[in-house]
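My notebook is open, and I am ready to look around a new protein.

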Amino acid sequence: MNPLVLPLVLPGVYAPQEDTALLAGALSEEPLPPGAEVLDVGTGSGALALDAARRGTRVTAVDVSWRAVCTARLNAWLAGLPVDIRRGNLFGPVRDQSFDLILTNPPYVPTPLGVRLSRGASRAWDAGRDGRFVLDRICREAPALLRPGGVLLIVHSALSDPGRTLDHLRTAGLKASVTLRRRIAFGPVLRGREHWLRERGLLAPAEEKEELVVVRAELPV
């Protein structure tokens, strides 16, 4: 697994962390030919988009945040890589396109009621009470943008129900499985919600680490 090249991160933009690195590892295992069309949804700093572009693929990256779009464009310019970076909500800017690979590290942290979504940097992780505010949309909408044989790679927490992700994608006709797992120490967001997560039964009383998973789903040829 090649180490992820860490890009410049402007204030208010999600910085690459363990979930980014895990998805980068999954990306490195995909046999992408030069010229393959890749989409990075929720690109943030552009780290994964640039990783794909270094392999000679044709990359489109999307983010709803103007700060993220500016950051990703700056990083692509600094790296000298031709990435098409667009602002928009999930797949809105690419409805008329199809892809060989779709990557996404979406918001997935379960969020207590009363916490407003889509405000500032927190929209990179806050994802509703069950953590699936964005995940369910991705599972519904991404399959239609895959070419035959195309692959969708999603990273998210085990707290946001990987089984539901698999069920949605299989119902859409994709072959889906969890291909990578990694347990990590709680970050600041989970530490701040630890008591609430334990009350809801999402964390066991003695559990001190979060499990991240990568779901790989392939559209049959």
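**Entry 1: words first.** Before I look up any residue, I need to know what I call a helix: it is a DSSP run of H or I with at least four residues, and helices are numbered from the N terminus. I also note that I am working with a predicted model.

**Entry 2: Asp136.** I looked up Asp136 and found it in helix α4, which covers residues 135-141. Is Asp136 buried or exposed? Its relative accessible area is 12%, and buried means under 20%, so I wrote down "buried". Leaving aside residues up to four places away in sequence, I saw that Asp136 touches Arg164 and His168.

**Entry 3: the whole fold.** Next I stepped back and counted six helices and seven strands in the protein. Reading from the N terminus, I get the order α-β-α-β-α-β-β-α-β-α-β-α-β. The radius of gyration is 16 Å, close to the 17 Å that the globule rule gives for 221 residues, so the protein is as compact as a globular protein of that length. Along the principal axes, the C-alpha atoms fill a box of roughly 50 × 40 × 30 Å.

Entry 4: How much of the protein is buried? I noted 51% of the 221 residues. Of the contacts with a separation of 6 or more, 70% are between residues 24 or more positions apart. The accessible surface comes to about 10200 Å², and carbon and sulfur atoms hold 54% of it. For charges, I have 28 positive and 24 negative ones, and their mean positions are 4 Å apart.

**Entry 5: cysteines.** I reminded myself that a disulfide is a covalent bond between the sulfur atoms of two cysteines. How many disulfides does a search of the whole structure find? The search gives zero.

**Entry 6: positive phi.** Which residues other than glycine could I list with a positive phi? Leu90 is one of them, with phi near 50°. I found Leu90 in the loop between β3 (83-87) and β4 (99-104), and it is buried, with a relative accessible area of 12%. Asp161 is not a glycine either, and its phi is positive at about 65°. Asp161 sits in the loop between β5 (146-157) and α5 (162-171), and at 38% relative accessibility it counts as partly exposed.

Notes:
Residues numbered from 1 in each chain as written. Predicted model: local features only at pLDDT ≥ 70, side-chain atom pairs only at ≥ 80, totals over all residues. Heavy atoms only, no water. Helix = DSSP H or I, 4+ residues; strand = E, 2+ residues; numbered from the N terminus. Rg over C-alpha atoms; globule rule 2.2 N^0.38 Å. Buried < 20%, exposed > 50% of the residue type's maximum accessible area, 1.4 Å probe, protein only. Contact = heavy atoms within 4.5 Å. Areas by Shrake-Rupley, 256 points an atom, 1.4 Å probe, with all protein chains shown as cover. Lys, Arg positive; Asp, Glu negative; His and termini not counted. Charge placed at Lys NZ, Arg CZ, Asp CG, Glu CD. Disulfide = S-S within 2.5 Å.
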